[in-house]
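Take a look at the view below, then read on.

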Amino acid sequence: MRNPWPLDLPSRIDRAAERRDLVDLEDCDAIVVRDGRVLTADGRLVELAPAAQPSAALRIYLGRDGDRDLVALVPEDAAFGADPDGIGGERLRGLRDLLAGFWDRGANGERDHELATTAVAIANWHASHPRCALCGEPTVPAQGGWVRRCERDEREHYPRTDPAIIVAITDPADRLLIAHATPWSPRRFSHLAGYVEPGETFEQAVHREVREEASLPLTRLEYLGSQAWPFPASVMVAFRAVCEQPQALALDMDEISEARFVSRAEIAELVASGEVVLAPKGSVARRMLEDWYGGDLPERRPDTSVDV
Ligand SMILES: [Zn+2]
């Protein structure tokens, strides 16, 4: 089984922050990003040389890939003509759709995953922070797109990342808690998760969220790893923990409408029958689940009649 938590690995891309102010952004190969989607062909990121690039509303420096500098390019709307979902023959695709394909391609997929999540996260931040938070004047990008500067009071505004915790909870029989959140599509199950609040540590956020959503006390909390999650601006921080009193399970029906502890045999059957749909392969939630399961989960059986 592939190591789900490669804590010893640095980034595949050198972010080269010292070059953000030096590089001519118009002279770099570009990844195209628009509305949380990236330009792809056959599940791979498309990188456009300067002569092939559409007119840009914004360019953001992503870093060094070998001896090349790369940028994220947000095209002007006019670049799309009558086709809002692509340029030429290539398609814009959302990150959730791309995760499994990135995961399957090993190191090259990890590289594409890093570039795509960085491009989407920083483009989302620019799109949602057009004005100075203090005086309300429009701001302009600076430092290769990693700062927005207010021209009136010269204050600098930096990109934000909102941490959220996610926790795989097992009971004394080593069954795993799976939960369905109210806004999700039917039959989708995952772990409990929630945003970290100001003034709180990650571990305190885990204990609070699980108490609020499921009334469960936790012990033996362990950090697993994390994943950039730019939907629109998060990083998911993953833990596992044990609940010695699974019988205390009581749901906050506003947030979580269904939850139960399942054995490995039960989850395999629920997935195969189509009764339960999991987070996509390559997502942190799926890695947590398969780490507990001990390998890849079986796919849904093709002959099942449940309509997903
Ligand atoms: Zn200002």
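Arg111 and Asp65 are both buried, where buried means under 20% relative accessible area, exposed over 50%, and partly exposed in between (1.4 Å probe, protein chains only). This is a predicted model, in which local features need pLDDT of at least 70, side-chain atom pairs count only at pLDDT 80 or more, and totals for chains, interfaces and linings use all residues. Residues are numbered from 1 along each chain as its sequence is written, and side-chain values use heavy atoms, leaving out hydrogens and water.

**Salt bridges**
- Arg111 and Asp65 join their side chains in a salt bridge (2.7 Å, N to O), meaning a side-chain nitrogen of Lys or Arg within 4 Å of a carboxyl oxygen of Asp or Glu.
- Arg111 belongs to helix α2 and Asp65 to strand β5 (residues 56-65), so this pair ties together parts 46 residues apart in sequence; helices (H or I, at least four residues) and strands (E, at least two) are DSSP runs, numbered from the N terminus.
- The count by this rule is 29 salt bridges.
- Another salt bridge pairs Arg175 with Asp171 (2.7 Å, N to O); Arg175 is partly exposed at 30%, while Asp171 is buried at 5%.

**Zinc site**
- Cys132 (SG), Cys135 (SG), Cys150 (SG) and Asp153 (OD) coordinate the zinc ion at 2.3 to 2.4 Å.
- Along the chain, the residues that coordinate the zinc ion follow the spacing C-x2-C-x14-C-x2-D.
- Cys135 is partly exposed, at 26% relative accessible area, whereas Cys150 is buried, at 0%.

Conventions. Donors = N, O, S within 2.8 Å, 3.2 Å for Na, K, Ca; no water.
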